[in-house]
2 protein chains.
Amino acid sequence: MSVPAKVRQMARECVAVRTRLLNRLVTGVCDAGLRPYGVRVAQVNILCAIANSGPLTPTDLAAVLVLEKSTLSRDMAKLLEKGWVETQPGDDARSHRLAATPAGVAFLEGIHPVWSEAQKQLVKRLGPVLVAAMTETVDEIWAEQSPGEQGA
Amino acid sequence: MSVPAKVRQMARECVAVRTRLLNRLVTGVCDAGLRPYGVRVAQVNILCAIANSGPLTPTDLAAVLVLEKSTLSRDMAKLLEKGWVETQPGDDARSHRLAATPAGVAFLEGIHPVWSEAQKQLVKRLGPVLVAAMTETVDEIWAEQSPGEQGA
DNA sequence: CCCAACTAGATGTATATACAACTTAATGAT
DNA sequence: ATCATTAAGTTGTATATACATCTAGTTGGG
């Protein structure tokens, strides 16, 4: 009560604080499940996107994931090092394409049970309404980018 | 089509990739609006939580925001340095309480127009259904923690 | 043909985040 | 009272993230 009404409103209604809190919660649940595999959900998401949408350029992948190309550049270094992704020559000497290797695909298949368990926990924790709404909104974002080029 | 069904499912249904994508989107929109003020949404969220729920201990604040205490420890250093938060002695010699200073509250009031504009953009971008679902889910999380102790 | 403008990726720097380990203080069992 | 255990914060280390800048390659105007 001691704070101004505007500040109270910022606390009560802020979309960002909620989105960011949920992000920490979800990332934490996934990373905990993945810990035995020595990988985090950020990398798994990227690998999964490449496996399903690749081969594609880093720029296109960054657009799909709404990620900075510079961020992706460093994440890719780790996936390349692990042998889960390989680069192919691009149309252009500046560019290249990213593709999941058989080892990368096998890794994803291997963690499917862990992924599945995490999904279950998350739907329970977040509620099906929220999960459905997120799916719809993100699908719209992907549809806007270029119809038919779904990502992760 | 060339990837196994399990890997396709992981791409199509994953809650984490969506949550994390939305987090990047929302954080980016807010940080862009806050750039002239030399602060990011992470710090604003913390300050706002302290202004509304404080004085409270770092441990309690971390619980409200679903944040690691170690993360908070470093974020607090910046808020203390800016003079937006002050520490008060705690019940215990190990602990202390965080409270927003008048300057901190004034800063929050000052950015209200920018916050408000960002909210408008975000509701438009995410859709009212998703925003409502996030609000409901996070309110439930806060209610579970300790009835009456709402946070950010 | 040549150079300006642009594009793709990589690198410099800073913040946000978390886990593990550490320090200091409190508590409890005997 | 003493010491093991627990609790609160901080610090070490690593990843994720973004903006600004840099390098290299491409392209278009003249």
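What rotation superposes chain A on chain B? I looked this up in a predicted model, in which local features need pLDDT of at least 70, side-chain atom pairs count only at pLDDT 80 or more, and totals for chains, interfaces and linings use all residues. Residues are numbered from 1 along each chain as its sequence is written, while chains are lettered from A and ligands numbered from 1 in the order in which they are written.

**Entry 1: the two copies.** I found that a rotation of 180° with 0.0 Å of shift along its axis superposes chain A on chain B, with an RMSD of 0.1 Å (least squares on the C-alpha atoms of residues with pLDDT of at least 70 in both). The two copies are therefore related as by a two-fold rotation axis. Both copies use the same surface, since 100% of the contact residues of chain A recur in chain B (contact: C-beta atoms, placed from the backbone, within 7 Å).

**Entry 2: the contact.** I noted 51 residues from chain A and 51 residues from chain B. Among the elements of chain A that give two or more residues to this side are helix H1 (5–13) and helix H8 (128–145) (helices are DSSP runs of H or I, at least four residues, numbered from the N terminus). H2(A) provides the largest share, 14 residues.

**Entry 3: DNA strand C.** I recorded 29 residues around DNA strand C (near: C-beta atom, placed from the backbone, within 6 Å). The closest are Thr59(A), Ser70(A), Ser95(A), Ser70(B) and Ala93(B). Elements giving two or more residues to this surface include helix H4 (58–65) of chain A and helix H3 (41–53) of chain B.

Note on methods. Two residues are in contact if their C-beta atoms, placed from the backbone, lie within 7 Å.
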